[in-house]
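User: Hi! I have a new model open and would like to walk through it with you. Could you take a look with me?

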Amino acid sequence: MREQFPVTRRYNYLNHAAISPPPIFVMEEAQSYLKGVSEVGVEEVNRVEEDDFKSLREGLAALINCKWNEISFVPNTSYGFNLLVYGLDWKEGDNVVTDELEFPTVVFPWLRLGDKVKVKLVKPDLENFEDSILSQVDSRTRVVALSHVSFNTGVRVDVGKVAREARQLGAITAVDVIQSAGAVKVDVKEMGVDFAVAGGYKWLMSPQGSGFVYVREGLLQDPPFYGWRTSRNFESYDATSFQLEEGPRRFEPGTIDVASNLALARAAKFFVENTDQVYGAVEDLSGYANRRAQEEGFEVVTPMRKRAGITVVKVPKNKEAWKHLMSNRIVTSARGAGIRISTHFYNTRGEVDQALKVLSQWMRAQI
Ligand SMILES: Cc1ncc(COP(=O)(O)O)c(C=O)c1O
């Protein structure tokens, strides 16, 4: 499998929580489509769009356990959250509960609602994340917005617990699965969430521009944005007649990034077919990184029992540490309180060891 990742020839690549290098077989899916369009134009487009992307939707539905008609393609995670901002019927005094450690895109979209809606930014306790969030949910909470796995701390949240209790108070749960899908099991039905969104370019190892949203059946029948593809008879190209599309195309007002999403569906197929191996390897490697970092004397931000694929190691002057790692061809990110190591299934324990060794040498040289 390593040969599917040319990046490994140049780098010790431990940065899948930022950008993943797509494996060759995923890249080829996009390439072959683009080659087809280059050679035969619309004929290739018609070929892949014949079923209105039903088979691609089915592939993603299998990945997160929902129905194919609950999957729509979106250009990025941020766009996805905005569907709720503009799609729900907000009332004065409603609130949204989220937290301070979220990626900004989980928080900023709600600010568009202005004074009408209060955005409650919880300061979470990492070990009791769920209770920190739930303590702020009340009968006026419309949405609880959070990441399944935190980009900042690596904490994997028990979203099921949050969604169950939020629902009892009448709130919907909208979850950002960009840091979990492809790394750990994401089952939207088991978690009981109403809405989930992810760009494809992190753990799903797909191109930027790919992405999907899960909208629970019955949640948003009328989409916030209209375009030619939100019309039921969209292929009639008739501007005098509009009937709202009821299927998942209703969230895709215009042309989607076909090449990128073909690649995403190919990646999803791989993850579904290799679930146990992939999720097992991710869990094993992040567990190894977490334990080894502690043995090296680092404080690890990510609680072992709440981890997914991310290990955040506390490091002062983390930008300098990141630069030093880069100069040794070790790719990580400076995030949160330190260095974020994000290992995917094809990484090795040796790569983790090398990164920690270089990092601890750098730390010792600072004293
Ligand atoms: C939790 C989380 N959400 C969203 C994004 C990116 O958002 P978008 O797909 O809109 O670029 C990131 C990227 O780092 C992220 O970590």
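**Walking through the model**

Analyst: Happy to! Let's start with Asn 65, which is partly exposed, because 14 other C-beta atoms lie within 10 Å of its own. Bear in mind that this is a predicted model.

User: Where does Asn 65 lie?

Analyst: Asn 65 sits in the loop between helix 3 and strand 2 (71–73). Its phi is positive, about 60 degrees, although Asn 65 is not a glycine.

User: Why point that out?

Analyst: Because most residues other than glycine have a negative phi. Phe 53 is another case, with a positive phi near 65 degrees in a residue that is not glycine. Phe 53 is in the loop between helix 2 and helix 3 (54–64).

User: And is Phe 53 buried or exposed?

Analyst: Phe 53 counts as buried, because it has 24 C-beta neighbours inside 10 Å.

User: Nice. Now the helices: at what angle do helix 1 and helix 2 pack?

Analyst: Helix 1 (residues 24–40) and helix 2 (residues 42–49) pack at about 135 degrees, and their axes are 6 Å apart. That angle makes helix 1 oblique to helix 2.

User: Which residues meet there, helix 1 to helix 2?

Analyst: From helix 1 you have Tyr 33, Gly 36, Val 37 and Val 40, and they meet Glu 43, Glu 44, Val 45 and Val 48 of helix 2. By class, this contact of helix 1 with helix 2 comprises five nonpolar, one polar and two charged residues.

User: Switching to helix 9. How far apart are its end C-alpha atoms?

Analyst: They are 22 Å apart. Helix 9 covers residues 258–273, and at 1.5 Å a residue its 16 residues should span 22 Å, so the two values agree.

User: How many residues of helix 9 are buried?

Analyst: 14 of the 16, so helix 9 is largely enclosed by the rest of the structure. Ala 263 is found in helix 9, and it is buried, because 30 other C-beta atoms lie within 10 Å.

User: What does Ala 263 touch?

Analyst: Leaving out residues up to four places away in sequence, Ala 263 touches Pro 22, Val 26, Met 27, Glu 29, Ala 30, Ser 206, Pro 207 and Ser 210.

User: What about Asp 238, buried or exposed?

Analyst: Asp 238 is exposed, because 11 other C-beta atoms lie within 10 Å. You'll find Asp 238 in the loop between strand 8 (211–215) and helix 9. Asp 238 and Trp 228 are 10 residues apart in sequence, and their C-alpha atoms are 9.1 Å apart.

User: Last one: which residues are around the ligand?

Analyst: They are Asn 76, Thr 77, Ser 78, Phe 103, Thr 105, Ser 147, Phe 151, Asp 176, Ile 178, Gln 179 and Gly 199.

User: How does that shell around the ligand divide into nonpolar, polar and charged? What are the counts?

Analyst: The shell has three nonpolar residues, seven polar and one charged.

Definitions and conventions:
Residues are numbered from 1 along each chain as its sequence is written. This is a predicted model: local features need pLDDT of at least 70, side-chain atom pairs count only at pLDDT 80 or more; totals for chains, interfaces and linings use all residues. A residue is near a molecule or strand if its C-beta atom, placed from the backbone, lies within 6 Å of it. Ala, Val, Leu, Ile, Met, Phe, Trp, Tyr, Cys and Pro count as nonpolar, Asp, Glu, Lys and Arg as charged, and the others, Gly among them, as polar. Helices (H or I, at least four residues) and strands (E, at least two) are DSSP runs, numbered from the N terminus. The expected span of a helix is 1.5 Å times one less than its number of residues. A residue is buried if 20 or more other C-beta atoms lie within 10 Å of its own, exposed if 12 or fewer, and partly exposed in between; C-beta atoms are placed from the backbone. Axes are lines fitted to C-alpha atoms, for helices over the stretch in contact, and angles run from 0 to 180 degrees between N-to-C directions. Angles under 35 degrees count as roughly parallel, over 145 as roughly antiparallel, 65 to 115 as roughly perpendicular and the rest as oblique. Two residues are in contact if their C-beta atoms, placed from the backbone, lie within 7 Å.
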